[in-house]
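User: Please take a close look at the charged side-chain pairs here. I'd like to hear what they link and how open they are to the surroundings.

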Amino acid sequence: MKGKSVNGSKDLGLGFWKTVQNNFWALRFIWSISRNYVVNAFINEAIGYFMWVFFSAYFIRYIVQAVTGGKPVSGVYIYIGAVVAVMGVLNVYQSYVGRVLRPLMDVKLYQKIYSVLYKKAENVELECFEDTEFYNRYTMAVDNACEKITSIVWELASIICAAVAGISTYVLMFRMDPWMLLFVLSPLVGSFLFGTIMNKLTFQIYQKITPDNRKVEYVNRVMYLAEYSKEMRLSNIFQVLKRTYNEAVKHQIEVVRSYIGKLLLNGFLQYYLSYTIIFEGLLLYGAYQTMVTHRLTLADLSILSSMMVTASWILVGIGNSVMNCSKNGMFIHNIRAFMQYEEKIPEDADGVSPEHEIDSIEFRNVSFSYRGGKEVIHDLSFRVGKNESVALVGHNGAGKTTILKLLFRLYDPDQGEILVNNRNIKEYNLEEYRNLFAAAFQDYKIFAYSVADNVRMERDLDDPEKTVAEALKRAGVYEKVMSLPHGIHTVLTREFDDSGAVLSGGEYQKIVVARAFANPAPIKVFDEPSSALDPIAEYNLFQAILEESRERIMFFISHRLSSVKDADTVFMLEKGKLIEQGTHEELMEQGGKYAAMYKMQAKNYQPEETDLEVEWDAIG
C-alpha cells in the first residue's frame with residue numbers, strides 16, 4: 001500500500017523497549033478516554049499490596065514482639081481492633097471496585113474503545129480493506145482489543161504497586177539476613193527471561209494462525225446465514241466449506257505442534273525458576289539458619305517465613321504481570337499501528353464546502369490501478385454538463401464501476417484529476433462532498449432493519465414516512481411492501497426477527513433503488529440497478545430512473561443496452577478507455593462497437609418465429 005504502512009514491524013517478536021512503549025501507549029490511550037478508570041485501578045492495587053505487606057511483615061512483627069516483649073494485652077487488643085477496622089473499610093472499597101465499579105466501568109470503557117476503533121476503521125480508505133495484510137492486522141487489532149488494553153492498565157498498576165511493596169519487604173528481610181535476597185534472582189530469570197520467550201512463542205503462533213482463524217470464522221458465518229442456505233442445499237458447496245474449515249484447523253494444529261517442544265522446555269524452566277526454587281529454597285535456608293547456625297530465633301523464623309512468602313509472591317506477581325504486559329504489548333502493537341496509520345483519503349478530511357447545484361463533472365487525463373496492479377483506467381477524459389444523464393456501457397472489466405468509485409472518491413487517481421464545478425474534488429470537505437451523491441449499487445446490502453430504515457438510511461428528511469412511501473412507489477415495490485405485516489416498518493431478513501420479511505432479489509433491488517430515490521442529492525448513480533429484474537420490470541424501473549434524472553446529473557450502468565437509449569449521452573468504454581460517446585442514435589449511425597453490441601443484444605432478445613406463432617394462436 002501507498003502511504004505510511006500499517007504493518008509496523010514485520011518481526012514475529014518485538015524488542016523490549018518497543019513492548020514497553022506499546023504498554024504505556026495503551027495506558028495513555030485509556031487515560032485519554034477515562035482517567036477515573038486508571039485512578040481506581042492504581043488505588044485498588046495499592047490497597048491490596050499495602051494490606052498484604054502490612055499483615056505479613058509489620059502486623060506479624062508487632063504481634064510477635066508484643067508477646068515476647070511482655071507488652072500489655074489490652075494494648076495488643078486495641079491495636080488489633082484498630083487494624084481490623086481500617087482493613088475492613090479498605091476491603092469494602094476493594095470489593096466495591098471489583099464487583100460493582102470495575103464491571104460498570106468496563107462496559108462503558110469497552111463502548112468507548114470500540115467507538116474509537118470503529119471510527120478509525122470508518123476513516124481509513126476502502127483500499128485498506130482490500131489489502132489482505134492490512135485486513136489481517138485490523139482483525140488482530142480488534143480481536144479482544146478491550147480486554148487486552150484494559151488488562152495492561154491493571155497489570156501496570158500491579159507492577160508499580162508491587163514494586164513499592166516488594167522493596168519495603170526486601171528492606172526488612174535484608175536487615176534480618178542479607179543472603180535471603182539471593183533467592184530473588186531465581187524468579188527474575190524465570191519470569192523475565194523464559195517468560196519473555198514464552199510470550200514471543202505465543203505471539204508467533206497467534207500471527208501464523210490468524211489467516212486460518214479468518215477462514216474458520218468465515219465458514220462458521222456462512223453456515224448460519226440464511227442467504228447461503230439455498231446454495232448449500234442445491235449443490236456440493238458444503239464440501240468446499242468443509243474442506244476449507246478442515247485445512248484451516250489442520251494448519252493451526254501443525255503450527256501449534258511445531259512449537260510444542262519449545263513451549264514445554266521453556267514452560268518447565270519458567271515454572272521451576274519462578275516458583276520451586278524461591279519457595280522451597282527460602283524455607284530450607286531459613287530452617288538451616290534457625291536450627292543449625294542459630295542465627296535466627298523461632299520468632300525471627302516465623303516473621304521471616306511470613307515475609308518470605310509475601311516477598312516471593314510479590315516477585316512472582318511482578319513477573320507474571322510483566323509477562324502479561326509483554327504479551328499484551330505485542331498485541332497492542334497491532335492496535336497502535338492501526339490507530340496511528342495515516343489515511344490517504346481520511347473520511348474526516350476537511351476542505352471547501354461544495355455547492356449543492358452541480359453544473360459540471362469532469363475527468364481530466366485520469367489513470368488508475370488497484371494497489372499498483374495493471375491499469376484499470378487509462379488517460380480518461382470526459383465532461384458531463386448540468387442535468388445530463390450519462391450511461392456507462394462496455395464489457396465486464398471495462399472500468400465502469402471503477403469510474404464511479406473514483407467519482408465518489410473512494411479512491412484517488414494515480415494520475416490526472418477529477419473536477420466537480422471546475423474544482424478538484426480533493427479540495428472539498430469529504431463528508432459534504434459524498435453527500436452530493438445518491439447511489440444504488442450492484443453489490444448492494446440490505447440491513448436487518450425495517451424497510452423504512454433501509455430506504456431512509458438515517459438521513460434527515462422533512463417527512464420521512466411520506467418520502468419513503470413515494471420512493472417505494474417510484475421504484476415499483478410499494479404495493480409489495482404494504483402487503484407485509486407492518487408495511488414500511490416491517491423488518492427485512494430474519495437475522496434478529498423470526499417474523500421478518502424475506503423478499504426476492506428483484507424486490508430487494510427495487511428497495512435499494514428507492515434508497516437512491518429518497519435521497520435528495522444532486523447527483524444520482526445507478527450501478528446495474530435492474531440485474532435481477534425481468535425485461536418489463538426493468539423497462540418500468542428505467543423510466544422511473546430517467547424521470548428522476550430531471551434537474552440533476554445522473555450516471556447509470558447497464559449491460560442491457562436497450563435500457564440506455566434515452567440517456568442524454570452514452571460512454572462506450574473498453575479496457576479503461578473511452579472509445580465512443582454520443583447519443584444512442586449517433587452511436588448507431590457510427591456503426592462502431594456500441595452499434596455492434598446493441599444489435600447483438602437486440603437479436604438475442606428477438607422472439608423466435610415459433611414463439612410468435614404460439615402467441616398468435618393463443619390470441620386467436
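Analyst: E417 has 26% relative accessibility, so it counts as partly exposed (buried is under 20% relative accessible area, exposed over 50%, partly exposed in between, with a 1.4 Å probe and protein chains only). Keep in mind that this is a predicted model, where local features need pLDDT of at least 70, side-chain atom pairs count only at pLDDT 80 or more, and totals for chains, interfaces and linings use all residues. Residues are numbered from 1 along each chain as its sequence is written, and side-chain values use heavy atoms, with hydrogens and water left out.

E417 pairs with R364 in a salt bridge at 3.3 Å, N to O (a Lys or Arg side-chain nitrogen within 4 Å of an Asp or Glu carboxyl oxygen). R364 sits in strand β1 and E417 in strand β4 (residues 415-420), so the pair ties together parts 53 residues apart in sequence. Helices (H or I, at least four residues) and strands (E, at least two) are DSSP runs, numbered from the N terminus. R364 is partly exposed too, at 33%.

Now for E574 and K593: their closest N and O atoms are 2.8 Å apart. E574 is partly exposed at 25%, and so is K593 at 43%. Back at R364 and E417, salt bridges with shared partners join them with E362 and R383 into one network.

The structure holds 10 salt bridges. One of them joins K120 and E343 at 2.7 Å, N to O. K120 lies in helix α3 (residues 73-123) and E343 in the loop between α10 (298-339) and β1 (360-369), so this pair ties together parts 223 residues apart in sequence. Both K120 and E343 are buried.
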